[in-house]
Amino acid sequence: MAKKEWSVYELTSYLRKKVEMDVLLKNIYLKGEVIRPTLSGDHLYFELKDLEYDAKVKCVYFWFDKRIEVRHGSKVLIKGSVIFYEKEGIIEIKVNEITDIGLGELFVKLKQLEEKLRQEGLFDQKHKKEIPQYPKRIGIVTSKNGAAVRDIINTIYSKFENVEVYIFNCSVQGQSAPFEICEGIEYFNKVLPVEVIIVGRGGGAFEDLMAFNDEMVVRKIFESEIPVISAVGHERDYVLTDFVADLRAITPTNAGEIVVGFQNRALEMLDEYQKRMKRAILKKIESDAENLKHKIYRLYQNSPSSKVIKLAQDVNLLSGRLAFSINKKLHSVSTILKILEKRLSDVNPYIRFTRAKNHYEMLCKRLHTAFEDFRKRKEFELQLKLEKLIALNPLNILKRGYSVTIHNSELITSVKQIKVDDEIVTRLSDGFIRSKVLGVQEGVDE
């Protein structure tokens, strides 16, 4: 039989269905200690832990009644149903009821230890040592592999570089952690003295921070001759080292800011003073330079050579103006003279006579020209008429062989005007012929 290959989704979907179908996981009662209760809107999220077997499960209480106080470490009895989120593959208890049944065992022990140490005066303010403002040597007791040490070192050197930082590597959770933390504090007190010690670690579960609630660690910090800053977890995390330390930092990063805060502020102040001084010096230089320019200008204005130059400039200016005025006046007079000259020439008798003479000569010339044109035109017309008259002269026709016959002083134009034996006269070009009619015949017969 072939083995079935499951996808993750198939597996988580199968588990979800199993959980939903299992009636034993509905409306169950569960007892444990509350770890890290957190409100988000109207919902309460926390972990329920069984300290005896170090087991825990996530819980959510939707639409939680905020009037109910649920504290970290309190022992509660909850009623709810198990749900399985197939996408994340996690189990969570959807809580319907929650009942406070008293403080948790671990929480009670921690409170008893806190009260005991407080009674002994370990947390008194009078024992707090002053944190040096300008430490040159800083010791850090933490895990060299944790994020906290990187946050502290990065913060320190980002704000102030001229400082020596030493790290004592130690465990920050587990059974050996308290001994190693105490060893680190002892190291910086006896072997490698520094001016301030940072003891801390990053955030974690309540039980992960227990090394910093250890009585041995608290007493070692109290006995330290060097000021100690406690920097454990986040702002909401409180451990006993926070109370006994000379100063509590809300985070490891904050611890780095504290130890070089004075230096950083001093550098910022020095930088600001330097900027102010630079601005003041530049302003003074600019002011003096401006005054110097003004004085040089005034000196130049009052110097003899400057006055001579200015007077020369004035003379040139006035000369120019005078020349302009003279030229303008001369031009005006010249214009007036031209006008008067023209008027005078218009009334001069000689000029008027000359103009009249010229006009007369021009008219005579035009008359002569017109007369000549008229004469030539008439001569041409006469010549044409003469030629025409010559062409129409009867003698010229007779010369070409024609003749004219006359009878009784009448010109014969028809044979009917004459009869036989009439005497007729024929005119030729060179004389007359007298003749008698021998016969008359009508009609033209060549």
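In the second largest pocket, α2 gives the most to the lining, with four residues. Helices (H or I, at least four residues) and strands (E, at least two) are DSSP runs, numbered from the N terminus. A pocket is an open set of points on a 1 Å grid over the protein atoms alone, where a 1.4 Å probe fits and protein lies on both sides within 12 Å along at least five of seven lines; lining residues have an atom within 4 Å of a point.

The model is predicted: local features need pLDDT of at least 70, side-chain atom pairs count only at pLDDT 80 or more, and totals for chains, interfaces and linings use all residues. Residues are numbered from 1 along each chain as its sequence is written, and side-chain values use heavy atoms, without hydrogens or water.

The second largest pocket holds about 210 Å³ of space. Its volume is the space filled by probe spheres set on the points, which are joined across faces, edges and corners. This pocket is lined by 15 residues, with Gly-174, Pro-178, Met-210, Ala-211 and Asp-214 closest to its centre. Seven lining residues are nonpolar (Ala, Val, Leu, Ile, Met, Phe, Trp, Tyr, Cys and Pro), four are charged (Asp, Glu, Lys and Arg) and four are polar (the others, Gly among them).

The largest pocket holds about 410 Å³. Its lining has 19 residues; His-72, Phe-206, Arg-236, Asp-237 and Tyr-238 lie nearest the centre. Here α2 supplies the largest share, four residues. β1 (28-40), α2 (105-120) and α6 (240-244) each give at least two. The lining comprises ten nonpolar, four polar and five charged residues.
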